[in-house]
Amino acid sequence: MNIAELDRSACTGCFACMAACKFDAITSRVSPDGFFYPEVNAERCRACGRCGEVCPINGVPLLALPKSGFYGTFQGEGIAYSSSGGVFPAIVAAMGPDSCFAGVCWTEQMTALQRVETDPSQLGRYQGSKYVQADMRNVYAQIQEQLCHGKKVFYFGLPCQIAGVRSFFESKADQLVLIELLCHGVPSPVLFARYVRELETRHGSRMTDFSFRFRPFTKGTQFIAKASYADGTDAIEYDNDYTAGFLRDLYLRDSCYHCAYATDRRVGDLIVGDAWGVQEGASLLIPMTEKGNDLLTAISPLMPLTEIPSEELTMTNGALRTEQKDPSGKKEFFSNLDEEHVILSIRNALPKSNFKGKLYARMEKARFMHAHRNSL
Ligand SMILES: Cc1cc2nc3c(=O)[nH]c(=O)nc-3n(C[C@H](O)[C@H](O)[C@H](O)COP(=O)(O)OP(=O)(O)OC[C@H]3O[C@@H](n4cnc5c(N)ncnc54)[C@H](O)[C@@H]3O)c2cc1C
Ligand code: SF4
Ligand code: SF4
Ligand code: SF4
C-alpha cells in the first residue's frame, strides 16, 4: 500500500514517507489552508509499499502513562529563553560529547525548521516554542548521518513527529532518545508567513525573531509575544492576535482536530510539557521508558524534580487527555480569510468575548509595567 491510499485528513505532515522512498517518488504540495502534504508521483512510483509501511497512520505502538510524573525548573542561566521550565536546555547541558540534538529554529525568512544541531552553543536558537508547523523534511537524513557516525541523537518533537521518527528509525532506536512535547496542535505555516510579512510591512523592517512566550518576569505563564526586527527594535504584545487564534483552534492542521496522540497512551521516551496549575514556570516530565528514566537521573542535578501523581497531571494539562477539537471555527475562518489582512481576519474570527481577554491583558500590562518600571 502506498500513502496515496491512506486517509488524507489523518496525515500529520511528518514526511517519514518521503524520507523512506528510495525512488524520489514523493514530493510535497501546499494545501489551501497552508500545510504541506506528501504527494506520490505515479510515474516514478515502483509500488514497493515502503512509504505505507513507515507511515504512522498505520499505527505505532503506544505506551500507557505511568502512575506518576515530575515537575521542575532548570536552574541554569539560559532559562530566560525557554518557554516552559527549560527541560530542553537541561538535557542539552547534560548530554555527553558524542551526542547532538534535533530541534526547531527560525530560518532567515522566519519559517520554522526542524534540524539536527551538533554545536550545543547554538542552543538559544532552538529555545522557545514556535507555535507553527515546522518543516521536518530533511531531518531524517540529518539524523541518519549522525547515527551512522555513532552519535547519540536527542530528538525533541511533537507526538506525531516522534511517531514518524520512531517508525522510520526502528532498527537504530538504541542511539535515539525521543523527547515528546505535549501538543495543542500546529498552526498553518503559510498563514504564519503571511502574518509575519504583514507585521514587517507595518513595522517597516524585516523580522529577525519571534517569541510567543517572552519569559522575563512572567516565567512564561502568560503568552506575551515579542517580535524583533532588523532595525534593532522589539515590539512586545500582551494580547497577541495570532496566539489567540492558535489557542482557539482557528488554523490547526486537519489531523490536530482528531489527533491520534491526544490520549493517555504516548509515543516518546520522555514526555515534556507545561506544569500548568502545579508550579508557575515549571515543566512537567513523565518518563515512559528506561531511556526516559536515565535522562531524568542525568538532568536532576541541574533541575531539581518533585514527584506528582499522574491523575493530577491529566487534570491540569489538557494535552494529556483524549480531546477532540471542534473544526467549525477553522472552516469559517478560512472561508472568510482575507490573505492580505490576516490580522484583521483573525480579529473578526475571534469571539466577541475575547474583548474581555484583551481588557484583562491590558490591566495585566499596566500592572506588569508598574511592577517593573525600574528594570524595563
Ligand atoms: C506547537 C506546540 C504546541 C504545544 N502545545 C502544548 C500543550 O498543549 N501543552 C503543553 O503542556 N505543552 C505544549 N507544548 C510544549 C511547550 O510549549 C514547551 O515547548 C515544552 O514544555 C518545552 O519547554 P522547554 O522550556 O523545555 O523548552 P524550550 O527551552 O523553550 O525549547 C523549546 C523546545 O521546543 C521545540 N520546538 C519549538 N517549536 C517547535 C515546533 N514548532 N515543533 C516542534 N518542536 C518545537 C524546540 O526544538 C525545543 O526543543 C507545545 C509546543 C509546541 C511547539
Ligand atoms: S510505494 Fe515505494 S516507490 Fe511508490 S511512493 Fe511509496 S515508497 Fe516510493
Ligand atoms: S502521516 Fe507522515 S508518513 Fe504518513 S502520509 Fe502523512 S507525511 Fe507521510
Ligand atoms: S495535535 Fe496531534 S497531529 Fe496535531 S501536531 Fe500535535 S501531535 Fe501532531
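A residue is near a ligand here if its C-beta atom, placed from the backbone, lies within 6 Å of it. Keep that in mind as you click around this predicted model.

**Stop 1: ligand 4.** You'll find Thr12, Leu158, Pro159, Cys160, Cys183, Gly185, Val186, Arg253, Ser255, Cys256, Cys259 and Tyr261.

**Stop 2: the domains.** Now zoom out and colour the protein chain by domain. Domain 1 covers 3–58, domain 2 is made of 63–186 + 251–320, and domain 3 of 189–238 + 329–371. Look at domain 1 and domain 2 together: their centres, taken over C-alpha atoms, are 25 Å apart. Where they touch, domain 1 puts in 16 residues and domain 2 puts in 15. Which element gives the most to the domain 1 side of this contact? Select α1, which supplies four residues there. Taken as a whole, that side of domain 1 has eleven nonpolar residues, four polar ones and one charged one.

**Stop 3: ligand 3.** Next, pick ligand 3, which has 14 residues around it. Ile3, Cys11, Cys14, Cys17 and Cys55 are the closest of them. Colour by class again and you get eleven nonpolar and three polar residues, with no charged ones.

**Stop 4: ligand 2.** Move on to ligand 2, also surrounded by 14 residues. Here the closest are Asn2, Cys21, Cys45, Cys48 and Cys51. This shell splits into ten nonpolar, two polar and two charged residues.

Stop 5: Most residues other than glycine have a negative phi. Select Phe15, in the segment before α1 (16–20), and check its backbone: phi is positive, about 60°, even though Phe15 is not a glycine. Is Phe15 buried or exposed? Phe15 counts as buried because it has 23 C-beta neighbours inside 10 Å, and 20 or more are enough for that.

Then hop over to Ala47, in the loop between β2 (36–40) and α2 (50–54). Ala47 is another residue other than glycine with a positive phi, this one near 55°. What about its surroundings? Ala47 has 11 C-beta neighbours inside 10 Å, so Ala47 counts as exposed; the cut-off for that is 12 or fewer.

Notes:
Residues numbered from 1 in each chain as written. Chains lettered and ligands numbered in written order. Predicted model: local features only at pLDDT ≥ 70, side-chain atom pairs only at ≥ 80, totals over all residues. Nonpolar A, V, L, I, M, F, W, Y, C, P; charged D, E, K, R; others polar. Helix = DSSP H or I, 4+ residues; strand = E, 2+ residues; numbered from the N terminus. Domains from an automatic or database assignment. Contact = placed C-beta atoms within 7 Å.
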